[in-house]
Amino acid sequence: MSDPKSRSAETDVVQGMHTVDPATGSIVPAIVPSTTYARDEKYALIDPALSYSRDENPTYDTAEALLTRLEGGVSSLLFSSGMASACAVFKALKPGDHVVVPKVMYWGLRNWLIKFCDRWGIGLEQFDAADPNDLGSKVIAKKTTLVWIETPCNPTWDIIDIRSAAEIAHAAGALLAVDSTVATPVLSQPIELGADIVMHSATKYLNGHGDVVAGALVAAKETDLWVRIAEGRAQEGAILGPFEAWLLQRGMRTLFMRVRQASQTAMMIATHFADHPSLDRVLYPGLSQHPGHKTAKKQMYGGFGGMLSLCVGQNEREALAFVKRCQVFIRATSLGGIESLVEHRYSIEGPDSPIPANLVRLSVGAETAEDLIDDIEQALT
Ligand SMILES: *Cc1c(COP(=O)(O)O)cnc(C)c1O
């Protein structure tokens with residue numbers, strides 16, 4: 001018999017950690033909707049870890065175990081959304097702390113952070129991810145407590161070198177947290193490269209079917225910050241519902257095949273349109289001309305992900321005309337699902353946005369590459 005410890009993460013994830021319910025033989029975990037847990041005649045809890053479902057719910061176990069396995073961490077926590085998980089990290093900081101984040105990052109988090117840090121007296125510094133020396137110049141030794149990065153960075157897919165960010169953070173006495181939503185644990189393992197916390201919007205690739213809003217954090221080790229984050233989830237209650245947690249573990253079973261297919265198709269689309277005369281640029285870290293390609297090759301294994309952007313013509317009008325002509329790509333926000341989506345970020349973010357007005361973001365799903373390429377072809381003419 002093979003040693004379970006030698007099995008690949010892929011096999012463990014497909015089988016939901018090979019867990020069989022000892023009471024029934026069920027190979028699919030049960031959903032536990034109960035909010036409360038009974039005590040026996042001696043007034044002892046039946047399972048000492050379970051008393052009330054804001055603190056802990058056994059339906060989380062499979063998805064959290066899969067994430068810990070995938071990321072090579074020690075512990076994981078599910079949250080009610082990606083934003084709830086990211087905000088939980090910052091809310092566990094203290095007034096006077098200092099954090100460094102990239103200028104281009106998930107828009108919703110950036111907007112929240114600017115106001116939150118101002119209100120709570122936390123120093124916030126933004127660095128230019130395109131300049132490899134800028135992070136080092138913004139981190140302050142013995143003062144910076146947290147460096148937060150996102151790679152690939154939405155929606156230009158700039159790549160931040162995780163190992164070098166970890167070295168810079170640790171040399172200053174800070175922790176490194178990585179929003180790895182776009183890379184997924186299939187393509188990148190930030191903890192192996194030195195990250196202390198990994199964050200996912202599980203709404204995206206982890207669930208992958210456009211029917212759950214969820215978030216997750218994975219810890220490389222049990223730091224004080226991690227303990228405060230875990231207490232925060234139990235006390236503040238940004239918890240995931242048991243039905244959503246169950247759907248999430250089901251979605252995760254097919255993570256590897258979905259991400260692999262999306263990466264392959266995205267690479268085919270990027271290569272096919274790289275020199276198209278109607279396109280100003282194709283932004284995809286898998287293309288050798290992308291500024292982050294070399295670093296992406298070092299820290300992404302087996303593909304460059306399912307996200308790419310097309311800079312259509314010269315302006316907003318041309319980009320919007322393209323989006324309106326799409327017939328297979330669905331015009332909608334979000335990413336990482338099995339349906340391919342197209343979005344004009346500038347229309348959503350408005351004139352203050354750092355995103356080019358002619359940029360169209362594509363989330364490549366599981367449709368055939370041929371149908372997606374044909375759709376882009378017809379929308380460009
Ligand atoms: C969607 C997303 C988030 C926020 O997650 P929600 O589940 O929508 O709250 C954070 N980071 C990235 C990179 C995302 O794509």
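P152 sits in the loop between strand 4 (144–150) and helix 6 (162–171), where helices (H or I, at least four residues) and strands (E, at least two) are DSSP runs numbered from the N terminus. A cis peptide bond with omega of about -10° joins T151 and P152. This is a predicted model, in which local features need pLDDT of at least 70, side-chain atom pairs count only at pLDDT 80 or more, and totals for chains, interfaces and linings use all residues. Residues are numbered from 1 along each chain as its sequence is written, and side-chain values use heavy atoms, with hydrogens and water left out.

**Backbone features**

- The loop between strand 4 and helix 6 also holds P155, and the peptide bond from N154 to P155 is cis, with omega near 0°.
- W157 is in the loop between strand 4 and helix 6 as well, and has a positive phi of about 60° although it is not a glycine.
- W157 is buried, at a relative accessible area of 0%; buried means under 20% relative accessible area, exposed over 50%, and partly exposed in between (1.4 Å probe, protein chains only).
- M17, in the loop between helix 1 and helix 2, is not a glycine but has a positive phi of about 70°.
- M17 is partly exposed, with a relative accessible area of 30%.

- F127 belongs to strand 3 (residues 123–127) and is buried at 2% relative accessibility.
- Leaving aside neighbours within four places in sequence, F127 is in contact (heavy atoms within 4.5 Å) with residues including V100, P102, L135, W148 and I160.
- The C-alpha atoms of F127 and V104 are 8.7 Å apart, and the two residues are separated by 23 residues along the chain.

- An open sheet of 5 strands has the order 8-9-12-11-10 and mixed pairing; two strands pair if DSSP finds at least two bridges between them.
- Its edge strands, strand 8 (279–283) and strand 10 (330–331), each pair on one side only.
- Strand 8 pairs with strand 9 (residues 307–312) in the antiparallel sense over 4 bridges, and S309 in strand 9 is the bridge partner of L283.
- Helix 12 (residues 316–325) lies across strands 9, 10, 11 (341–343) and 12 (359–363), running at about 125° to strand 9; axes are lines fitted to C-alpha atoms, for helices over the stretch in contact, and angles run from 0 to 180 degrees between N-to-C directions.

**Salt bridges**

- There are 11 salt bridges, each defined as a side-chain nitrogen of Lys or Arg within 4 Å of a carboxyl oxygen of Asp or Glu.
- R260 forms a salt bridge with E10, the closest N and O atoms being 2.7 Å apart.
- This pair links distant parts of the chain, with R260 in helix 10 (residues 255–273) and E10 in helix 1, 250 residues apart.
- R260 is partly exposed at 36% relative accessible area, and E10 is partly exposed at 28%.
- D161 and K298 form a salt bridge (2.9 Å, N to O).
- D161 is in the loop between strand 4 and helix 6 and K298 is in helix 11 (residues 293–299), 137 residues apart.
- K298 is exposed, with a relative accessible area of 54%.
- In the salt bridge of K221 with D196, the closest N and O atoms are 2.8 Å apart.
- K221 lies in the loop between strand 7 (215–219) and helix 8 (224–236) and D196 in the loop between helix 7 (184–187) and strand 6 (197–201), so the pair ties together parts 25 residues apart in sequence.
- K221 is partly exposed at 42% relative accessibility, whereas D196 is buried at 2%.
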